[in-house]
Amino acid sequence: MLASALDLIGRTPLVALDRVHSGPGRIVAKAEFLQPGGSVKDRAAKAIVLAAREDGRLKPGMPVVEMTSGNMGAGLAVVCAALGHPFIATMSAGNSTARARMMEGLGARVVLVPQVDGTPGQVTGADVAAAADVAAQIARDGGGYYVDQFNASEGIVAHETTTGPEILEQFGGPVDGWVAAVGTGCTFIGVARALKAANPATLCAAVEPEGSEPLAGKKVEKARHIVQGTGYGLVPPHWDTGLMDLSLTVTDAEVEYWHRQLAVMEGLYVGYSAAVNVCAAAKLLRSGRLKVDATVATVLCDTGLKY
Ligand SMILES: Cc1ncc(COP(=O)(O)O)c(C=O)c1O
């Protein structure tokens, strides 16, 4: 028996996606949507809050405040409920309202911040920056602990010490490739470090929406896209260029296609960034850069029920 919801975070199964991609090679994916907050962000939420409690930055009963696209907020709402902290989330009004409902259902207070230049369902870097400013202000005014996920290194450590090693253990050894869409970059960076430590030849690809490709060194030409939680048109503060062997691009139409294919061919009703990751994994396997029987690992970031 597990002691609390905190212990439901991590240790997600690794699932083969042989129906949507029948070769060359194989795509395997961590079912991150099975965690209690419904996304990959539960891991960072747990790691950051536990570290802050451990070193005294977060005192018992103190409010926790964070800007979120909804997934970090859901993870924090789970962790805060289990540990007895009030939680206040600020979110761009452009993110889906299903996310606000889930956070509120978990006892959080949600402050919706008007969009700067995005549109509903299409959240830009400027929209996120506006929501972050409001979160920092609320934390300052109310004596809360500001999580600041983009600058908290514990999120990276969480993936380096859990998600990455889980992939290696569940697959039964090193994989040939790793792809992930990038929000804070914690997932990509942490897992890439673990996989490259096991096999330096593991090819690691960051995935960006077409037109919003700063990691590829390009000027952002199209800030709006449908992949909530990623592709903010900025290089995250902890970005480690040495880990990115290549970058891949996906279009909104490809994302819609793979989102549907994952649902009807695999029975996996996941979110758009999961579709981005699987589309990019298939592109990498077809690119000829890997051997024909290569395995590429990725993450199914969140459930499709949040959209
Ligand atoms: C749906 C979704 N996918 C992917 C990510 C990216 O994860 P990371 O912040 O670790 O880069 C996020 C982050 O919030 C997300 O909400």
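In helix α5, the buried residues (under 20% relative accessible area, with a 1.4 Å probe and protein chains only) are Glu 154, Gly 155, Ile 156, Ala 158, His 159, Thr 163, Gly 164, Glu 166, Ile 167 and Leu 168. This is a predicted model, in which local features need pLDDT of at least 70, side-chain atom pairs count only at pLDDT 80 or more, and totals for chains, interfaces and linings use all residues. Residues are numbered from 1 along each chain as its sequence is written, and side-chain values use heavy atoms, with hydrogens and water left out.

The cover over these buried residues includes β1 (14-16), β2 (26-30), α1 (41-54), β7 (177-181), α6 (186-198) and β10 (295-299). Helices here are DSSP runs of H or I with at least four residues, and strands are runs of E with at least two, numbered from the N terminus.

Colleagues will note that α5 bends by about 30 degrees at Glu 160, the bend being the angle between axes fitted to the seven residues ending there and the seven starting there. Just after α5, Gly 172 has a positive phi of about 95 degrees.

I turn now to strand β3. Five of the five residues in β3 (residues 64-68) are buried. Val 64, Glu 66 and Thr 68 lie on one side, and Val 65 and Met 67 on the other. In a regular strand, side chains alternate between the two faces of the sheet.

Strand β3 pairs with β4 (residues 87-92) in the parallel sense over five bridges, where pairing requires at least two DSSP bridges. Within that pair, Glu 66 stands opposite Ala 89. With β6 (residues 145-146), β3 forms two bridges, also parallel, and Val 64 faces Tyr 145 there.

Terms used:
Buried < 20%, exposed > 50% of the residue type's maximum accessible area, 1.4 Å probe, protein only. Contact = heavy atoms within 4.5 Å.
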